[in-house]
Amino acid sequence: MSLVTEITAPDGYKVSVNTGLFINNEFVRGANTIDTINPATGKVLASVQAAEAEQVNLAVEAAHKAFYGGWKTSSPRERARLMHKLADLVERDAEDLAHLETLDNGKPLSASRSFDKATVGNQLRYFAGFCDKLHGKVIETEGKLSYTVHEPIGVCAGIIPWNGPMAMLAWKIAPAIATSNTIIIKTSELTPLSALKIAELVKEAGFPPGVINIITGYGPIAGEALSRHMKVHKIAFTGSLATGRAIMKASAETNLKKVTLELGGKSPNIIFDDVENLDEVAFWAHIGIYSNAGQVCCAGSRIYVQEGIYDKFVEKFKALAAATKVGDPFKEDTFQGPQISQGQYDRIMNYIDIGKKEGATCSLGGNRIGDAGYFIEPTIFTDVKERMRIMKEEIFGPVVAITKFKDMDEVLAYANDTTYGLAAAVFTSNITRAITVSNALEAGSVWVNCYNVITENSPFGGYKQSGIGRENSEYALANYTQVKAIKINIGNPI
């Protein structure tokens, strides 16, 4: 029985995808299958092969063999050529990938086309440029020639989330293979399809067998097996804090893998009363919380507005949120699609109930939309107190808490009073204030007069419990290399 399935999107577009486990450049069967659901309808899209410990081991062994079989010493020019070729193929099959991403994840097709697909190509091309620029240093020492080299770690694993499957796959793969590592990607069981389509392109691009392996499986089974495998020496994970802790524990109990983690946040968006264009501020705040149905790790879910413009901002922001087109992600005017799953829908609705019970005012939304799929109205809470759970805990949905502040000292105390530190934003027309507040915020990314501006050449990662390490930009290369110091005695003949 063939592992290839054809899916027809609501707009009539047909796309085929191989649903097997991509191991050693071949699609193979797994231990069982997992149904992947269209969150816009709640109906099954396809059944994909699922990995358990046995299949994880096959993928690791393939990656191990490829690394020591030539990829470790592959030429930078060849690695760059393959990465550019893969980027070309991603761009060629852009419509296939965008449709699969929207079918599987529920984000608007316009977003899958403009951001997610573009991110894959941009990441591959950007890191391809570093293949021949991984330079060490010559160090002045008396009577010795001392120099450093940056070497690959070996077999790496990337465990990616469901909220940005294509983008997160590229964030893990590109720096890993640019630095001569091999890698196993485990997709989320909720959104495997776009990654599996990219797997087809990996083989077409000409990557040697075992360099890139892409599998699907449940976290407690396949993810746990990867985290504990003794031949995996590096693991990169994007997802929940609880799973991040479990991965660190597994690493500590086995071979002390290098670990990078991106674990979400509760990001503050600070708006001062000196802003000159409140409509523009409301626009960016809307993007900050409602993009991808609020399912963004750096979402601006805490909005602090200086008291002099609080009422006016809330009025404009409510009007913008109320006008948000929520619905079929294949319609051109849709901005917000469904939540990813029934479980995520239930979690968000529970937080909405908690906010109401704690005494916050649900000023807009808070309800389900329709009776099919997992759609929730854009929701705004006002009259929110700092200790309320909706102000402290990551909801990961289209729910925002808005409160007022008096001055800079007060809002900085509020903004930094969190266990997270992934991102933050400040809106002001005063450049001195912008710099002062940005420097004081305890977050890995700070946006000034904008939100959610993420590019391949700028680092991304968190402070505190939002993670360890940085992805994107030259900073990411350190996650996938190890430095060796070599000292040669040239002063005395032997």
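Asparagine 430 caps the N-terminal end of helix H14, with a side-chain oxygen 2.9 Å from the backbone nitrogen of threonine 432. That is a polar contact, meaning a pair of N or O atoms within 3.5 Å; within protein, one must be able to donate a hydrogen and the other to accept it, and residues adjacent in sequence count only if both atoms are side-chain atoms. Helices here are DSSP runs of H or I, at least four residues, and strands are runs of E, at least two, numbered from the N terminus.

This is a predicted model: local features need pLDDT of at least 70, side-chain atom pairs count only at pLDDT 80 or more, and totals for chains, interfaces and linings use all residues. Residues are numbered from 1 along each chain as its sequence is written, and side-chain values use heavy atoms, leaving out hydrogens and water.

In H14, residues 431–440, Ala434, Val437 and Ser438 are buried (under 20% relative accessible area; exposed is over 50%, partly exposed in between, with a 1.4 Å probe and protein chains only). Seen down the helix axis, these fall within an arc of 100°, so they line one face; the arc is taken from the directions from the axis to the C-beta atoms. Thr432 and Asn439, on the other side, are exposed.

Now H9. Asparagine 277 caps its N-terminal end, a side-chain oxygen lying 3.2 Å from the backbone nitrogen of aspartate 279. How many of the 13 residues of H9 are buried? The count is 10, so H9 is largely enclosed by the rest of the structure. Just after H9, asparagine 292 takes a positive phi of about 55°.
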